[in-house]
Amino acid sequence: MFERLPGFRDFYPEECAVRNHLFRQWRAGARRFGFSEYDAPALESLDLYRAKSGDEIVAQLFGFTDRGGRDVALRPEMTPSLARLVGARASALPKPVKWFSIGEQFRYERQQRGRLRSFYQFNADILGEPGPEAEIELIALLVQTLTGFGLTAEDFVVRLSDRDLWVDYLRGVGLDDTAIGAVLTVVDKIGREPEAKTLERLQPHLGEAAGDFFGKISILRDIDSFEALERFFRAHVTDDAVRTDLESRLAQWKTLLSGLEAMGLGDFFRIDLSIVRGLAYYTGFVFEVFDREGRFRALAGGGRYDHLVEKLGGPSLPATGFAVGDVTLWEFLQDRKLLPRYVEAPELFVVIGGEEARTAAFRDIRALREAGYRVEYPLKPPAFGKQFKQAAASGARAALIYGSDEVAKGTVKVRNLNDRSEEEVPAEQLLRYLAESA
Ligand code: HAM
């Protein structure tokens, strides 16, 4: 047999049922928060990702040249497409734009647990709102989506951070924008790489000071409360111009934290400045969701990307959002025994005894299906006895028996497959009988 490509999944009916469960919950959550669904092509121009999402994701693109000579790529994420869509109609769209999508993404990653080359994401974004009110709404949606699956504050946590504060700090150290971008990419990998490697990667940007700097960012990465955050930045940001920025930034933090508390989300998040996010377009508040025990990879990630729409040729439009992936969520729900078991079974199984019975049975099968019942019958009916066995094994609640006797009398025998009781019902009363006995 042919094998599927590495990093891709087949969805047999059982897996499709689980996938549908995830999609249903995601969609229901987004709708409760007043988000509208959108979609975009899975294949986009490669330029959409070049230099906007960052080197890491560009290196993972499934890219090729199409027959028309265009450089194209399967989408690795939804955010650039969303920025393209909203940017193209920005002046006509009422703000804020609250949109969500559910779709397949492709990244040519090294295969590891929780990381595949094709996966699904639930993306939700708000465009047109510069303040932290947008983040409050998004984090509330993210948390309520996850609790909708039965997860609690003991299971997962939203780790909340701020790239603006990092940038303020790194500017204060004397780095320019290019060096800041590069250093943040290194910071994103701390903890996943040996310390020597981190130092080596900081060297080109900081020279001799790399060691010192590493000590400082370890303190920064350890900040886990608003008070500690305030203290650190008030002490380290001394430049007057940056200081004014800092005060308004701290005020935004207060709005965000009090909003999240008021929404009852206090137990679901934690300040954690070690999160800086791997994608290059992020600008302000950023966050990632992890299981509390730290056993799985990130369940979700997101943040603000205020310049992306403009970088893609649209107007200046503030934006923020997140994406939940299906792979880790699936593993995590399975681990917590929170995946429902879906049993694919008909409600009614029709037993057919011969050619004449077939005509009567088919007439009723059509009417029953039209009335909304899930009805199955053997395409080529075997002997009666075998059909009864099939009916019992099918999981249906009742068998409808069309034997030659019944057909001659214009009746149907309804056998309850749970208690094996039987009743003979005039064919024209079958629908009413089933509705009343349900
Ligand atoms: P991201 O952190 O790259 O963000 O991905 C979000 C989530 O998608 C991850 O937390 C993870 O659950 C899942 N994911 C990512 N890569 C893989 C993979 N190779 N295999 C399985 N799951 C994966 C973004 O994609 C941003 N565009 C999110 C965003 C929306 N930011 C603003 N709006």
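Lys 337 sits in the loop that links α12 (326-335) to β12 (348-352). In this predicted model, the residue has a positive phi of about 55 degrees, although Lys 337 is not a glycine. Its relative accessibility is 72%, and because exposed means over 50%, Lys 337 counts as exposed.

Arg 420 is another such case. Its phi is positive, about 65 degrees, and Arg 420 is not a glycine either. The residue is found in the loop between β15 (411-416) and β16 (422-426). With a relative accessible area of 59%, Arg 420 is exposed.

These backbone values are worth noting because most residues other than glycine have a negative phi, and most peptide bonds are trans. The peptide bond from Lys 95 to Pro 96 is cis, with omega near -5 degrees. Pro 96 belongs to the loop between α3 (79-88) and β5 (97-106).

**Other loop residues**

Is Thr 238 buried or exposed? At 62% relative accessibility, Thr 238 counts as exposed. Its place is the loop between α9 (226-236) and α10 (240-262). Along the sequence, Thr 238 and Tyr 169 are 69 residues apart, while in space their C-alpha atoms are 9.6 Å apart.

Pro 130 is found in the loop between β6 and α4, and with a relative accessible area of 51% this proline is exposed. Pro 130 and Glu 104 are 26 residues apart along the chain, and their C-alpha atoms are separated by 29 Å. Not counting residues up to four places away in sequence, Pro 130 touches Arg 304 and Pro 318.

Ser 274 lies in the loop between β8 (269-271) and β9 (285-291). Its relative accessible area is 12%, and since buried means under 20%, Ser 274 is buried. The side chain of Ser 274 makes a polar contact of 2.7 Å with the side chain of Asp 272. A polar contact of 3.5 Å joins the side chains of Ser 274 and Arg 159. When neighbours within four places in sequence are left aside, Ser 274 is in contact with Arg 159 and Arg 221.

**A buried strand residue**

Where is Ser 101 placed? Ser 101 is in strand β5. This serine is buried, with a relative accessible area of 0%. Leaving aside neighbours within four places in sequence, Ser 101 is in contact with Tyr 38, Met 78, Gln 121, Phe 122 and Asn 123.

**The nonpolar cores**

The largest nonpolar core has 81 residues, and the members that touch the most other members are Phe 122, Ile 217, Leu 229, Phe 233 and Leu 329. Helix α4 (residues 133-147) gives the most to this core, with nine residues. Ile 217 touches Trp 166, Tyr 169, Val 187, Ile 190 and Leu 202, not counting residues up to four places away in sequence. There is also a second, separate core of 22 residues, which includes Tyr 38, Val 86, Tyr 282 and Val 286.

Phe 122 and Tyr 38 are among the contacts of Ser 101; Phe 122 is a member of the largest core, and Tyr 38 is a member of the second core.

**The ligand and its surroundings**

How many residues surround the ligand? There are 27, and the closest are Glu 77, Thr 79, Glu 109, Asp 125 and Tyr 282. The residues of this shell divide into 12 nonpolar, nine polar and six charged.

| Residue | Protein atom | Ligand atom | Distance |
|---|---|---|---|
| Gln 121 | side-chain N or O | oxygen | 3.1 Å |
| Tyr 282 | polar side-chain atom | nitrogen | 2.7 Å |
| Ala 298 | polar backbone atom | oxygen | 3.1 Å |

Taken alone, the ligand exposes 660 Å², and the protein buries 97% of that. The elements that give two or more residues to the shell around the ligand are β6 (118-127), β10 (300-304) and β11 (319-325).

Tyr 282 belongs to the second core, and a polar atom of its side chain lies 2.7 Å from a nitrogen atom of the ligand. Gln 121 is in contact with Ser 101, and a side-chain N or O atom of Gln 121 is 3.1 Å from an oxygen atom of the ligand.

Definitions and conventions: Residues numbered from 1 in each chain as written. Predicted model: local features only at pLDDT ≥ 70, side-chain atom pairs only at ≥ 80, totals over all residues. Heavy atoms only, no water. Core = buried A, V, L, I, M, F, W, Y, C linked by side-chain atoms within 4.5 Å. Buried < 20%, exposed > 50% of the residue type's maximum accessible area, 1.4 Å probe, protein only. Helix = DSSP H or I, 4+ residues; strand = E, 2+ residues; numbered from the N terminus. Contact = heavy atoms within 4.5 Å. Near = heavy atom within 4 Å. Polar contact = N/O pair within 3.5 Å; in protein donor to acceptor, adjacent residues only side chain to side chain. Areas by Shrake-Rupley, 256 points an atom, 1.4 Å probe, with all protein chains shown as cover. Nonpolar A, V, L, I, M, F, W, Y, C, P; charged D, E, K, R; others polar.
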